[in-house]
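This report describes selected features of one protein model. Please keep the sequence and the structure open while reading.

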Amino acid sequence: MEDELASPGMGMSNMDRPLIDQRVRPRRNRRTNGMRDMVRENFLTPANMIYPLFIHNEKSNAPIPSMPGCERHSLNSMLNEVGEAREEGVRSVILFPKVEDEKKTNFGEEAYNPDGIVPTAIRMIKDKYPDMLVITDVALDPYSSMGHDGIVENGVILNDETVQQLCRQAVAQAEAGADIVAPSDMMDGRIGAIRDALDVEGYTNVSIIAYTAKYASAYYGPFRDALDSHPGFGNKKTYQMDPANSREALLEAELDSSEGADMLMVKPGLPYLDIIRMLKDATDIPVVAYHVSGEYSMLKAAAERGWLNEKDVALETLLGFRRAGADVIVTYFAKQAARWLNGKD
């Protein structure tokens with residue numbers, strides 16, 4: 001046997017088996033389930049995930065064809081969905097409204113209507129599930145007749161005038177009971193202005209998740225279908241970040257941190273894992289990854305065609321965000337992933 005197995009560069013063990021001169025063998029720590037569990041570096045739990053919910057002022061739900069498994073919820077359906085997610089251990093939701101066209105204006109005044117859809121939804125959730133964290137989107141695009149995140153004048157998205165409206169929106173959401181406001185608009189200086197607006201009104205305990213590195217991405221298409229919020233003209237490249245840039249994310253992170261952000265978000269997620277890691281290394285503030293609609297829909301489409309195992313790939317993707325440095329993940333898979341983690345389905 002020695003003659004058959006011997007080869008240059010290898011010796012033989014006392015058992016007459018090939019033996020390489022390799023004392024460090026990483027495979028030993030992968031040998032059994034128990035061993036792999038013992039040395040695992042990153043973990044995914046339902047508490048790590050934020051569940052995005054689309055809502056509208058209709059009595060029934062509306063499917064979103066480009067986002068299989070997602071729908072625009074009536075407020076009663078939203079409440080049921082929150083309850084189901086909560087039962088699986090998901091402790092936070094973020095609300096995105098589909099606003100009626102007749103309520104949309106260039107200044108987006110409906111964004112701070114105390115009886116609007118988002119404040120109403122917040123109150124409903126907090127009344128029934130007071131321990132559920134309710135996060136709100138702060139931006140004008142769902143309320144804008146122009147389809148942009150800010151006020152438009154002569155084809156230009158105005159910065160400071162928009163920030164004034166965002167402050168009113170954030171305060172209205174806090175008054176309704178929001179735990180966290182999440183400005184997604186990418187206007188300069190809005191984090192500090194919103195922090196001051198909340199504090200002066202007594203909402204010092206309301207947190208801010210800053211959309212710090214929100215890129216002008218092609219991955220947002222299905223989300224805009226869900227809210228009917230495609231830009232009315234042009235694109236959003238004058239305020240969202242250039243996908244070619246990375247160092248700019250550090251500048252945005254430094255500004256948002258200094259202005260009072262409690263968490264920093266990177267959006268999209270998968271194409272920007274390097275940015276997640278960069279922010280994680282550069283700050284002690286928790287980092288949030290947004291697993292956006294286009295990423296979700298691609299995975300869903302591949303799974304529907306039998307090209308990928310949906311459960312395995314979804315959980316691997318979410319774990320990848322954690323490994324890259326994300327403390328929290330916004331994902332449309334939140335409820336389903338929680339069920340999988342709990343050994344269901």
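## Basis

The model is predicted.

Two packed helices are described by the angle between their axes and the distance between the axes. For helix α10 (residues 293-304) and α11, the axes come within 10 Å and cross at roughly 155 degrees. Angles over 145 degrees count as roughly antiparallel, so α10 is roughly antiparallel to α11. The crossing of α10 past α11 is right-handed. On the α10 side the contact is made by Glu295, Leu299, Lys300 and Ala303, and on the α11 side by Glu310, Val313, Ala314, Thr317 and Phe321. Sorted by class, the residues of this contact between α10 and α11 are five nonpolar, one polar and three charged.

Helix α11 (residues 310-324) also packs against helix α12 (residues 334-341), at an angle of about 105 degrees and with the axes 11 Å apart. Angles of 65 to 115 degrees count as roughly perpendicular, so α11 is roughly perpendicular to α12. In this contact Glu310, Lys311, Ala314, Leu315 and Leu318 of α11 meet Ala337, Trp340 and Leu341 of α12. The contact of α11 with α12 has six nonpolar and two charged residues, and no polar ones. Glu310 and Ala314 of α11 take part in the contact with α10 and in the contact with α12.

## Cavities

How many cavities of 30 Å³ or more does a search of the whole structure find? The search finds two. The largest cavity holds about 130 Å³ of space. It is lined by 16 residues, and those closest to its centre are Asp141, Lys214, Phe223, Lys236 and Lys267. Both β11 (207-214) and α7 (221-227) supply at least two residues of this lining, and α7 gives the most, with three residues. The lining of the largest cavity comprises seven charged, six nonpolar and three polar residues.

The second largest cavity has about 40 Å³ of space. Its lining consists of Leu95, Pro97, Val118, Asp137, Ala139, Pro142, Tyr143, Gln169 and Gln173. Among the contributors to the lining of the second largest cavity, β6 (92-98) and α5 (160-176) each supply at least two residues. In the lining of the second largest cavity, six residues are nonpolar, two are polar and one is charged.

## Largest pocket

The largest pocket has about 230 Å³ of space. Of its 16 lining residues, Tyr51, Gly69, Cys70, Tyr296 and Tyr332 are the closest to the centre. Two or more lining residues come from each of β3 (49-56), β5 (71-73), α10 and α12. Strand β3 has the largest share of the lining of the largest pocket, four residues. By class, the lining of the largest pocket has eight nonpolar, three polar and five charged residues.

## Backbone geometry

Most residues other than glycine have a negative phi, and most peptide bonds are trans. Where does the model have a cis peptide bond? The bond from Lys267 to Pro268 is cis, with omega near -5 degrees. Pro268 lies in the loop between β12 (263-267) and α9 (273-282).

Asn154 has a positive phi, near 55 degrees, and is a residue other than glycine. Asn154 is placed in the loop between β8 (152-153) and β9 (156-157).

Definitions and conventions. Residues are numbered from 1 along each chain as its sequence is written. This is a predicted model: local features need pLDDT of at least 70, side-chain atom pairs count only at pLDDT 80 or more; totals for chains, interfaces and linings use all residues. Side-chain values use heavy atoms; hydrogens and water are left out. Axes are lines fitted to C-alpha atoms, for helices over the stretch in contact, and angles run from 0 to 180 degrees between N-to-C directions. Angles under 35 degrees count as roughly parallel, over 145 as roughly antiparallel, 65 to 115 as roughly perpendicular and the rest as oblique. Contact means heavy atoms within 4.5 Å. Ala, Val, Leu, Ile, Met, Phe, Trp, Tyr, Cys and Pro count as nonpolar, Asp, Glu, Lys and Arg as charged, and the others, Gly among them, as polar. On a 1 Å grid over the protein atoms alone, a cavity is a set of points where a 1.4 Å probe fits but cannot get out, and a pocket is an open set with protein on both sides within 12 Å along at least five of seven lines; lining residues have an atom within 4 Å of a point. Grid points are joined across faces, edges and corners, and a volume is the space filled by probe spheres set on the points. A crossing is left-handed if the near helix is turned anticlockwise from the far one by less than a right angle, and right-handed if clockwise.
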